[in-house]
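Subject: Structure for you to look at

Hello,

Here is the structure I promised to send over. Please open it first, then read my notes below.

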Amino acid sequence: MSVEPRATLDHLVRPAVARISPYVPAETMAELCAASGLTPAEIIKLDANENVYGSSPAVARALAAQGSYHIYPDPEQTETRAAVARYLGVPAANVLLGNGSDELIHLLTLVYLDSGDEVIDFTPSFAMYPIYSGLMGARMVCLPRDDAFALDPEAGLRAVSDRTKIIFVANPNNPTGTFTPREAILRLLESGRIVVVDEAYAEFAPDSLVRDVLRYDNLVVLRSFSKWAALAGVRAGAIVAQEHVLAHFWKIKSPFNLTVPAMLAVQAALDDLAYLQNTVERVKRERERLASLLHQIDYLRVYPSAGNFLYVEVTRGSAARLRARLVQRGISVRHFAAPERIVQGLRITVGTPEHTDRLVAALRDLSPE
Ligand SMILES: Cc1ncc(COP(=O)(O)O)c(C=O)c1O
């Protein structure tokens with residue numbers, strides 16, 4: 001048997017993997033420092049919807065108190081699941097925790113999708129849905145959102161075929177912040193397909209469908225501890241669904257997917273709810289102040305947001321260039337090179353009042369080109 005040189009190993013890669021366009025994350029702090037010539041302390045990072053207030057001090061105390069990590073975590077996540085379920089107001093049997101909600105999106109595609117199956121996505125939306133679905137060889141049926149980025153549930157129902165398995169709705173939507181009212185989602189449930197309501201930003205929004213999973217067996221809700229609980233670096237998310245749905249997830253999840261530090265951090269955070277609710281309120285207040293200041297900038301169109309970020313469209317000049325010039329001034333916001341619909345957009349995480357003031361001053365000063 002002749003052995004191919006390494007350069008040709010690519011022919012061994014699954015076609016579904018070869019076809020994937022990689023997820024482009026926000027730049028790292030090191031990259032931002034290199035681009036701006038500034039130090040980390042001088043840079044305002046408003047590009048990844050992180051919570052600028054940080055996690056509860058109780059989290060640091062809980063992690064410091066855990067001296068050693070030589071024992072595997074509880075694969076059934078019993079204590080942490082009970083705490084999360086109490087917080088969400090559902091039985092623990094309806095909750096499974098993951099290494100960020102990203103892992104749970106991946107598990108959803110592993111449970112439901114075969115090659116040739118279809119997934120409905122209301123675009124623009126979260127970039128990981130097509131990546132994980134594409135890995136399974138599934139076909140994305142992308143239904144464009146309207147001018148206000150609202151989705152049309154009737155178009156969703158019309159797009160359902162024999163091959164449709166999953167309908168994804170990020171609510172609030174990333175990157176646009178759009179909130180979809182519950183009636184629209186209840187309508188989509190009539191499809192009989194798995195309707196995934198990704199509520200990564202639910203704590204900043206007016207409503208959640210998390211308790212509705214008890215009534216609808218095809219409703220799956222995802223929650224994240226990255227944003228409101230400021231645990232993005234820890235990695236913890238929850239999938240909430242009926243027990244018979246979760247049974248398949250229990251079979252295939254890796255046994256120790258939720259690490260001991262993640263369990264400790266989530267439990268400590270939930271024990272200090274007052275701290276977290278206070279930071280959520282501060283973010284929501286600042287979101288409204290930031291929106292009203294950005295409204296006054298004549299080359300920006302600001303969209304309503306129910307998340308911890310705002311989506312703005314740059315109506316004169318190039319959004320990519322504006323973003324690069326903000327980086328020069330030590331302010332990083334998110335720009336997307338694709339899809340076409342959002343290349344003139346910027347997604348701005350809500351920061352502290354000081355962050356808002358620096359950002360708005362820079363935007364007033366920079367004339368678009
Ligand atoms: C809509 C949406 N879903 C899921 C995630 C993934 O979050 P996590 O950090 O819990 O993996 C994100 C992160 O930005 C998101 O915006």
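Start with the ligand. The residues around it are Gly-100, Ser-101, Asp-102, Phe-126, Asn-174, Asp-198, Ala-200, Tyr-201, Ser-224, Ser-226, Lys-227 and Arg-235. Please keep in mind that this is a predicted model.

By class, that shell around the ligand has three nonpolar, five polar and four charged residues. Helix α5, residues 100-112, gives the most to the shell, with three residues.

- Ser-226: an N or O atom in its side chain is 2.5 Å from an oxygen atom of the ligand.
- Asn-174: a polar side-chain atom lies 2.7 Å from an oxygen atom of the ligand.
- Asp-102: here a polar backbone atom is 3.0 Å from an oxygen atom of the ligand.

How much of the ligand does the protein bury? Taken alone, the ligand exposes 390 Å², and the protein buries 93% of that.

The ligand takes up space that is the largest pocket. About 1,200 Å³ of space lies in this pocket. Its lining counts 49 residues, and the closest to the pocket centre are Tyr-23, Phe-126, Ala-127, Met-128 and Arg-334. Phe-126 is also one of the residues around the ligand.

Which element gives the most to the lining of the largest pocket? That is α6, with five residues. At least two residues each come from α5, β3 (118-123), α6 (128-135), β4 (139-144) and β11 (331-335). By class, the lining has 28 nonpolar, 10 polar and 11 charged residues.

Last, the backbone. Most residues other than glycine have a negative phi, and most peptide bonds are trans.

- Pro-172 is in the loop between β5 (164-170) and α8 (182-189).
- Ala-338 to Pro-339: a cis peptide bond joins these two, and omega is about -5 degrees. Pro-339 lies in the loop between β11 and β12 (345-349).
- Phe-149: phi is positive, about 65 degrees, although this residue is not a glycine. Phe-149 is found in the loop between β4 and α7 (153-158).

Best wishes

Terms used: Residues are numbered from 1 along each chain as its sequence is written. This is a predicted model: local features need pLDDT of at least 70, side-chain atom pairs count only at pLDDT 80 or more; totals for chains, interfaces and linings use all residues. Side-chain values use heavy atoms; hydrogens and water are left out. A residue is near a molecule or strand if one of its heavy atoms lies within 4 Å of it. A polar contact is a pair of N or O atoms within 3.5 Å; within protein, one must be able to donate a hydrogen and the other to accept it, and residues adjacent in sequence count only if both atoms are side-chain atoms. Accessible areas come from the Shrake-Rupley method with a 1.4 Å probe; for residues, only the protein chains shown count as cover. On a 1 Å grid over the protein atoms alone, a cavity is a set of points where a 1.4 Å probe fits but cannot get out, and a pocket is an open set with protein on both sides within 12 Å along at least five of seven lines; lining residues have an atom within 4 Å of a point. A molecule sits in a cavity or pocket if more than half of its atoms lie within 2 Å of its grid points. Helices (H or I, at least four residues) and strands (E, at least two) are DSSP runs, numbered from the N terminus. Ala, Val, Leu, Ile, Met, Phe, Trp, Tyr, Cys and Pro count as nonpolar, Asp, Glu, Lys and Arg as charged, and the others, Gly among them, as polar. Grid points are joined across faces, edges and corners, and a volume is the space filled by probe spheres set on the points.
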